[in-house]
Amino acid sequence: MSIRTVPTQPFDDQKPGTSGLRKKVGTFQQPHYLENFVQAIFNALENGKGKTLVLGGDGRFYNREAIQIILKMAAAAGFGKVLVGHNGILSTPAASCLIRKYAAFGGIILSASHNPGGPHGDFGIKYNTDNGGPAPEKVTDAIYAYSRHLQHYYILEADDVPLDTLGHFQLGKMAIEIIDSVNDYAEMMESLFDFTAIRQLFTGNTFRMRFDAMHAVTGPYAHDIFEKRLGAPAGTVMNGTPLEDFGGGHPDPNLTYAHELVEMLFGAQAPDFGAASDGDGDRNMILGKRFFVNPSDSLAVIAANAHLAPGYQYGLAGVARSMPTSMAIDRVAHALNIDCYETPTGWKFFGNLMDAGRVTLCGEESFGTGSSHVREKDGLWAVVFWLNILAVRQQSVEDILREHWTRYGRNFYTRHDYESVDSNIAKNIMAQLHDNMVTLAGKTFGARRVAYSDDFSYTDPIDGSKSTGQGIRIGFEDGARIVFRLSGTGTEGATLRIYVEAYEADSARHAQDTQDALAELIGIANQISGIREKTGRMEPTVIT
Ligand code: VG1
Ligand code: CO
């Protein structure tokens, strides 16, 4: 077997976004496109020789082909061993778990998360470092820099590895182990949560749950954890077989795309608890009987009840949320007398805080919740956490939320996404907001006065690295907020996100509909951004 040096030319669009490089499948299938990016990753890593990598993906179209290419390139780069998920399947949190458990040098995860798959869908690739978390910006910047100047990549001439066979293989000098995709992860869940109590919940004959894997990666994990280990009846997991095109769906666990589950939970014979996860298993949506739990609230409820789970019984070191995430968790942190950090969007910003032991729990408004058990957000972890809370408290999801709001007040929260907007129009909206923000402080809109307006920047308290341009924030004196930012994960035009939040202490007003409660602020956001006039869109594509 020989190593081939392949001449190539750089592509100019390989800059990783919020979570790795995401492009249309067709882009990745261009000759040398994937290879270039993988070589750029390897060039950016120092001292990988002889070390172990973890490799797997969410099973979407092109997953298997990409894994074969990456294995041969890893062998050429001199890695000692690669742990690969069975059939190429690893959820994002499972990959993080494996990197940590087996003290790997890093991992490559193939996923475009919640973006649609299939030959005409999206594909993605990202690198995680030895802490199990997404590479920080200094690494992704280095990868991008290498991608701009690549002249060659290196690949071992070898046969494909049988990904469907568990066991040990050899590729040149490099060892390969095809491992069970689920086991290590499921064991970790057992170590964190009260499986006995949850099992009793399921065998008690009154509690019913539905989990929608959306034909994405969590199917095998959910079957194993809910139906096997926790004793939930067969059929609890729906759409549990991973498909290369996710059955034609959009594997995004929100009210729009997980409509099959939503209709069930809001229907006549509604189960008590519903949950869904995304393409790569790091997101979660939590539903009660005819009740939607806003992800920011879910994070706050988990923090307030964390002591009920064995893995968190001794308390939380601190918590963190991304900037646009609602401030509901801040109130819980205040009551618990622990620190609450505010970071830019994207899980990579939580890594240092967790590594330094400053935070245990963290989350994002975008259906992402997690803890320091791994270094990725973790969809099934959040669902099992909720089951643990329900098993101990023996209350409905809705009652738990209502009690939470009564105690802490309610942060009404919504996100409006305008997808596939013309990139220039979107940039122009952001540029104008940026220009105008300095003039906003002190201005009054309706009954609210602007307390501050800025472009969020963050200095990492551990390594001092600075990230700027993370979203325009407008904060009002009563604590209400409007945030505007452009998505860094989309692959078609631009996606403009508008986040709106208002705090309500009075429990008599907690039952209001979210969109009604926030109508005035939404109007202000539309007015300040001029989104309707500039895009011609009268409504957002997705409302959460
Ligand atoms: C979105 C979310 C962000 C999340 C990111 C990756 O990013 O808003 O909170 O971390 O997706 O999640 P953006 O830049 O499009 O707003 V995942 O599940 O797609 O890896
Ligand atoms: Co995801």
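1. Start at G530: just after helix α17, this residue takes a positive phi of about 65 degrees. (Helices here are DSSP runs of H or I with at least four residues, numbered from the N terminus.) Keep in mind that this is a predicted model, where local features need pLDDT of at least 70, side-chain atom pairs count only at pLDDT 80 or more, and totals for chains, interfaces and linings use all residues. Residues are numbered from 1 along each chain as its sequence is written, chains are lettered from A and ligands numbered from 1 in the order in which they are written, and side-chain values use heavy atoms, with hydrogens and water left out.

2. Now step back into α17 itself, which covers residues 519-529. Its buried residues are L521, I522, I524, A525, N526, I528 and S529; buried means under 20% relative accessible area, with a 1.4 Å probe and protein chains only.

3. Have a look at α2 (residues 33-44) and α3 (residues 63-77): their axes come within 10 Å and cross at roughly 40 degrees. The axes are lines fitted to C-alpha atoms over the stretch in contact, with angles running from 0 to 180 degrees between N-to-C directions. That makes the pair oblique, the label for whatever is left once under 35 degrees is roughly parallel, over 145 roughly antiparallel and 65 to 115 roughly perpendicular. On the α2 side, L34, E35, V38, Q39 and F42 make the contact, and on the α3 side A66, I69, I70, M73, A74 and A77; contact means heavy atoms within 4.5 Å.

4. Another pair worth a look is α10 (residues 295-305) with α13 (residues 379-393), whose axes come within 11 Å and cross at roughly 55 degrees. α10 and α13 are therefore oblique as well. Here S298, V301, I302 and N305 of α10 meet W381, A382, F385, W386, I389 and R393 of α13.

Conventions: Helix = DSSP H or I, 4+ residues; strand = E, 2+ residues; numbered from the N terminus. Buried < 20%, exposed > 50% of the residue type's maximum accessible area, 1.4 Å probe, protein only.
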